[in-house]
Amino acid sequence: MKRALTGIAAASMVLGAFAPATFAATGANGWKYTVAHQLPIVVNGQVLSNPFELVANDSGNQTAYFPVYYFNQALNSIGYTATWDGSTHTWAITAPDVDATKISIPGGVGTGNTTITVNGTVVKKINTYAAKDPAGGPSAGYTTYFPAFYINEVFSSLGAKVSFSGQTGLSITKQQPQNTSYTLSNLTASGGTSGDGSVSNPALSLNGQAITLSTTLTDANGNPVPNTAVTFNVSNYGNYPSTLPTVKNASGTVVSGTQQTNAEQYTVYTDSNGVAKVTISGPSGSTI
């Protein structure tokens, strides 16, 4: 008899070790929720983030919640931008290729403590809540959580294909909007001895001092275009191509070049403000 009980106890321990850890918690203003496990947010087949899923009751249904920060990241990855105003509880999405007046989300605009706009047009109202992100540890401050169900509908209204599963996470598929009217601003150069980086007035730096070149990509309406590839041509460098400069993107990561006739091409991506930036440096004593 003792052997049988010991075997059952051991089996229970093994099963428990593989079960997802969940625990109840309370957020701001008494919001009750359960911390589930981490789930991936996948955009166009690439894992963008792995936030913790919070589960809480919404209109009688158990609903998954994620911080607005991660939804902003996802929007940025499909070519749009969003800002969260905590004082007015407004989530403002900018989607240049979308006619917001034609957006119709099931259930209509609805009600809630948070307003969602697309290009200034109100498309949905939902209830959001504040809680501490488990990924931030005990010292984390409060962040705003959005219900995934309604955000899925918003993404769908922007032309994205969206699916959510408590096992596989949130999947978003949409290529960046195509727009042939994009415009690059004139290059600006900093850190160099002279020049602005243009063909007619090349940027010049002595003794390997780094030069930073930047340009801003905008659409036909003057809106910044994020997460889009911009290629810089670096020519007339020292003993090209036997000696190449070191080129880094805005994050400080070294970028590999592609050799062209009398030039090297370096591709980086625009940030959330549509700015593409590279920093170019050479060995001590060289001239860029």
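User: Which residues does F71 touch, not counting residues up to four places away in sequence?
Analyst: The model is a predicted one, and contact here means heavy atoms within 4.5 Å. Leaving aside residues up to four places away in sequence, the residues that F71 touches are F66, W91, F146, A148, I151, F155 and L170.

User: Which element gives the largest share of the largest nonpolar core?
Analyst: The largest nonpolar core has 33 residues, and F71, L75, W91, I93, V118, F155 and L158 are the ones that touch the most other members. Among the elements that give two or more residues to this core are β3 (41-43), β6 (61-67), β8 and β14 (169-173). The largest share, five residues, comes from α2.

User: Which strands stand at the edges of the open sheet, and why is one side of each left without a neighbour?
Analyst: Four strands form this open sheet with mixed pairing, in the order β7-β8-β9-β10. Each edge strand has a single partner strand, so one side of it is left without a neighbour in the sheet, and these edge strands are β7 (81-85) and β10 (121-126).

User: Which residue in β10 is the bridge partner of V118?
Analyst: Strand β9 (residues 114-118) and β10 run antiparallel and are joined by five bridges. For V118, the bridge partner in β10 is T121.

User: At about what angle does helix α3 run to β10?
Analyst: Helix α2 (residues 68-77) lies across β7 and β8 (90-94), and its direction is at about 10° to β8. Helix α3 (residues 148-157) also packs on the sheet, where it touches β8, β9 and β10, and the angle between its direction and that of β10 is about 160°.

Definitions and conventions:
Residues are numbered from 1 along each chain as its sequence is written. This is a predicted model: local features need pLDDT of at least 70, side-chain atom pairs count only at pLDDT 80 or more; totals for chains, interfaces and linings use all residues. Side-chain values use heavy atoms; hydrogens and water are left out. Two strands pair if DSSP finds at least two bridges between them. Axes are lines fitted to C-alpha atoms, for helices over the stretch in contact, and angles run from 0 to 180 degrees between N-to-C directions. A nonpolar core is a set of buried Ala, Val, Leu, Ile, Met, Phe, Trp, Tyr and Cys residues joined through side-chain atoms within 4.5 Å. Buried means under 20% relative accessible area, exposed over 50%, partly exposed in between (1.4 Å probe, protein chains only).
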